[in-house]
Amino acid sequence: MRTLPWFYYFANWMLRNVIFRLLMKVEIHGLEEVPATGPLIVVINHFNFVDPIMAGAYFPRDLEMMSKLENFELPLFGWFVKAYGAFPVRRGEGDVEAIKHALRILHEGRVLLMAPEGTRGGTVLKTGHGGVALLAARSGAPVIPVGITGQEHFLPNLKHLRRTPIRVSIGAPFHLDAGTRKPPREILQAMTEELMGRLAIQLPLEYRGEYQTLRNSERFVRLLKTAPAA
């Protein structure tokens, strides 16, 4: 059943079948990992402005995504973001309305797309923020990591009319269950490090930044044992 604005489906069809086909050589792995139904939080690395729409165009389920409020205020891009079905978030302000909207998406069994780094730029993973972990704890929804690489070459290749090889790697879904809807800060941090490690695994080594391994998984399990009751 279609739940997003008509433009979302039209734009994805155009991107997948025309624009990206002309400008990119896309290789996708792991589509079989995506659950057919139920709530899901999709996390992506965010190196380039094309990352969210790449995920939207190729992911087999409808994706609803946060976008910073400033994007909605841009003359042309703002119209695209709104027509695509994204909803605004005020970064750095603990946006309660955005959190409520995201939880509503998950409670209704839909799919939420997030970039835990919070902003784009660079060619390696940056430090993850706690928003995904908070939503996972409050909703109980599984998280699925999607690594996208090659996009840093998109604009330079476009200037020279060259197609850009892009690799999309989808990992297995996993749960970040803190045992409480209001986990303390140290548990949220451990959950965030866990999900960033799992996202890093979907990327080649040179893209992983500080997240080389799931080095904090034992700490995560240990913190869960001391978590307060819900």
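**Cavities, pockets and packed helices**

Modeller: Happy to! The largest cavity holds about 70 Å³ of space. A cavity is a set of points on a 1 Å grid over the protein atoms alone where a 1.4 Å probe fits but cannot get out. Points are joined across faces, edges and corners, and a volume is the space filled by probe spheres set on them. This is a predicted model, where local features need pLDDT of at least 70 and side-chain atom pairs count only at pLDDT 80 or more, while totals for chains, interfaces and linings use all residues. Residues are numbered from 1 along each chain as its sequence is written, and side-chain values use heavy atoms, with hydrogens and water left out.

Biologist: How many cavities of 30 Å³ or more are there?

Modeller: The structure has 2 of them.

Biologist: And which residues line the largest cavity?

Modeller: Lining residues have an atom within 4 Å of a point. Here they are Ile28, Leu31, Val42, Met54, Ala55, Tyr58, Phe59, Val146, Ile148, Val168 and Ile170. Two or more lining residues come from each of α2 (51-58), β6 (143-149) and β7 (164-170). Those labels are DSSP runs numbered from the N terminus: helices (H or I, at least four residues) and strands (E, at least two).

Biologist: What classes of residue are in that lining?

Modeller: It has 11 nonpolar residues, no polar and no charged ones. Ala, Val, Leu, Ile, Met, Phe, Trp, Tyr, Cys and Pro count as nonpolar, Asp, Glu, Lys and Arg as charged, and the others, Gly among them, as polar.

Biologist: Which element gives the largest share?

Modeller: That is α2, with 3 residues. Also, 8 of the 8 residues of α2 are buried, so α2 is largely enclosed by the rest of the structure. Buried means under 20% relative accessible area, exposed over 50%, and partly exposed in between (1.4 Å probe, protein chains only).

Biologist: How does α2 pack with α1?

Modeller: The α1 and α2 axes are 9 Å apart, at an angle of about 95 degrees. Axes are lines fitted to C-alpha atoms, for helices over the stretch in contact, and angles run from 0 to 180 degrees between N-to-C directions. The two helices α1 and α2 are therefore roughly perpendicular to each other. The cut-offs are 65 to 115 degrees for roughly perpendicular, under 35 for roughly parallel, over 145 for roughly antiparallel, and oblique for the rest. In the contact (heavy atoms within 4.5 Å), α1 uses Tyr8, Asn12, Leu15, Arg16 and Phe20, and α2 uses Ile53, Met54, Gly56, Ala57 and Tyr58.

Biologist: Switching topic: what volume does the largest pocket have?

Modeller: About 1,300 Å³. A pocket is an open set of points with protein on both sides within 12 Å along at least five of seven lines. It is lined by 44 residues, and the closest to its centre are Met66, Ser67, Lys68, Val89 and Gly118. The largest share, 6 residues, comes from α1. By class, the pocket lining has 28 nonpolar, 10 polar and 6 charged residues.
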